[in-house]
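Here is a set of questions and answers on how the labels given to a structure follow from computed values. Each answer sets a value against the cut-off behind the label.

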Amino acid sequence: MKRGLLILVFGLIAAAAAYGCIYFACTAPARNMQRSEKPELAWLKDEFNLSDAEFKRVSELHSAYLPQCQEMCRTIDAQNTKLQKLLAGATNVTPEIEAALTEASRLRADCQTMMLRHFMQVSQTMPPDQGRRYLDWVKGKAFQPNYGMSEKP
Amino acid sequence: MKPEPNDEKLSKVLHEWKADSSLPRRFQEGVWRQIETASAACTATPSVWSVCAHWIGTLLPRPAMATAYVAVLLTLGLTAGWAQAHQTNERVKGELGDRYVRVLDPYQTPRN
């Protein structure tokens with residue numbers, strides 16, 4: 001009975017050890033990506049099998065795009081604040097509100113054009129098949145039909 | 001067992017002996033009941049614990065059974081670990097992909 005119990009416990013420990021080893025070994029690349037300086041770029045390199053040279057170029061494009069994106073964020077925030085002020089207490093659509101809404105639409109179009117231009121530049125840096133896959137994926141994420149409508153009231 | 005020579009005396013006495021006392025009432029019925037009870041106990045379904053104890057005590061220590069048992073548990077552990085890791089990787093990749101788009105899209109970028 002004692003020998004049987006020892007074998008029973010040994011089997012359970014072996015199973016737990018096997019589970020832990022394979023889990024930690026298989027999730028190591030994902031953990032490394034999460035720990036990297038820019039996890040989203042590490043993911044991009046892994047997902048689209050970029051070579052070091054391609055990744056360097058993509059990283060440069062990324063870094064060049066971010067200041068434009070931040071500037072666009074500030075402009076959008078300022079325009080939204082202006083629109084909210086105009087809307088507060090308004091009971092009619094005034095010419096100022098109309099102009100603010102037009103400006104907000106123009107900003108959105110500018111923003112989407114800027115993003116699309118960046119996505120296309122990035123896709124051209126990748127090997128052709130990966131570039132097409134990247135564009136399909138990113139268009140689905142950033143230009144889906146319910147774009148900007150996911151916020152709950 | 002080989003009978004001893006002086007056992008002949010005993011055999012003679014036993015042959016001559018006659019029991020004059022009567023059996024208790026329903027003796028035969030009682031004997032049959034005991035036989036049936038013992039027989040039922042032998043054929044009753046064994047408990048889970050007794051099966052496990054029997055398995056651990058007698059079957060598991062056999063080298064072939066022990067090897068098979070450890071191999072099955074190792075396979076189960078490896079398969080479960082791999083499946084769980086696959087699920088975790090998919091989740092992390094999905095999160096990082098979403099993060100990539102959020103970083104680049106001013107309408108999805110988290111504001112401070």
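Q: What do the domain bounds of chain A rest on, and how far apart are the centres of domain 1 and domain 2 of chain A?
A: Domain bounds come from an automatic or database domain assignment. In this predicted model, the assignment for chain A gives domain 1 as residues 1-35 and domain 2 as residues 51-142. Taken over C-alpha atoms, the centres of domain 1 of chain A and domain 2 of chain A are separated by 46 Å.

Q: How do you know which helix of chain A supplies the largest share of the side that touches chain B?
A: In the contact between the chains, 40 residues of chain A meet 33 residues of chain B, where a contact requires C-beta atoms within 7 Å. At least two residues of the side of chain A that touches chain B are supplied by each of helix 1, helix 2 (39-47), helix 3 (52-87), helix 4 (95-125) and helix 5 (128-142) of chain A. The largest share, 21 residues, comes from helix 1 of chain A. By class, this side of chain A has 28 nonpolar, seven polar and five charged residues.

Q: Which residues of helix 2 of chain A are called buried, and what do they pack against?
A: A residue is buried if 20 or more other C-beta atoms lie within 10 Å of its own, and in helix 2 of chain A the residues that are buried are L41(A), A42(A), W43(A) and L44(A). The buried residues of helix 2 of chain A pack against helix 1 and helix 3 of chain A, and also against helix 4 of chain B.

Q: What makes the phi of N49(A) worth noting, and why is N49(A) called exposed?
A: Most residues other than glycine have a negative phi. N49(A), although not a glycine, has a positive phi of about 45°, and its place is in the loop between helix 2 and helix 3 of chain A. A residue is exposed if 12 or fewer other C-beta atoms lie within 10 Å of its own; N49(A) has 12 and is therefore exposed.

Q: What makes helix 4 of chain A roughly antiparallel to helix 5 of chain A, and which residues make the contact?
A: The axes of helix 4 of chain A and helix 5 of chain A come within 8 Å and cross at roughly 160°. Angles over 145 degrees count as roughly antiparallel, so helix 4 of chain A is roughly antiparallel to helix 5 of chain A. Helix 4 of chain A passes helix 5 of chain A in a right-handed crossing. The contact is made by M115(A), F119(A), V122(A), S123(A) and Q124(A) from helix 4 of chain A, together with G131(A), Y134(A), L135(A), V138(A) and A142(A) from helix 5 of chain A. This contact has seven nonpolar and three polar residues, and no charged residues.

Q: How many helices and strands does chain B have, and how much of chain B counts as buried?
A: The secondary structure of chain B comes to four helices and zero strands, in the order α-α-α-α from the N terminus on. Of the 112 residues of chain B, 9% count as buried.

Q: Why are W17(B), R26(B) and V31(B) counted as exposed?
A: W17(B), which is found in the loop between helix 1 (7-16) and helix 2 (27-43) of chain B, has 8 C-beta neighbours inside 10 Å and so counts as exposed. R26(B) is found in the loop between helix 1 and helix 2 of chain B, has a positive phi of about 55° although it is not a glycine, and counts as exposed because it has 10 C-beta neighbours inside 10 Å. V31(B) lies in helix 2 of chain B, and with 11 C-beta neighbours inside 10 Å it therefore counts as exposed.

Terms used:
Residues are numbered from 1 along each chain as its sequence is written. Chains are lettered from A and ligands numbered from 1 in the order in which they are written. This is a predicted model: local features need pLDDT of at least 70, side-chain atom pairs count only at pLDDT 80 or more; totals for chains, interfaces and linings use all residues. Two residues are in contact if their C-beta atoms, placed from the backbone, lie within 7 Å. Ala, Val, Leu, Ile, Met, Phe, Trp, Tyr, Cys and Pro count as nonpolar, Asp, Glu, Lys and Arg as charged, and the others, Gly among them, as polar. Axes are lines fitted to C-alpha atoms, for helices over the stretch in contact, and angles run from 0 to 180 degrees between N-to-C directions. Angles under 35 degrees count as roughly parallel, over 145 as roughly antiparallel, 65 to 115 as roughly perpendicular and the rest as oblique. A crossing is left-handed if the near helix is turned anticlockwise from the far one by less than a right angle, and right-handed if clockwise.
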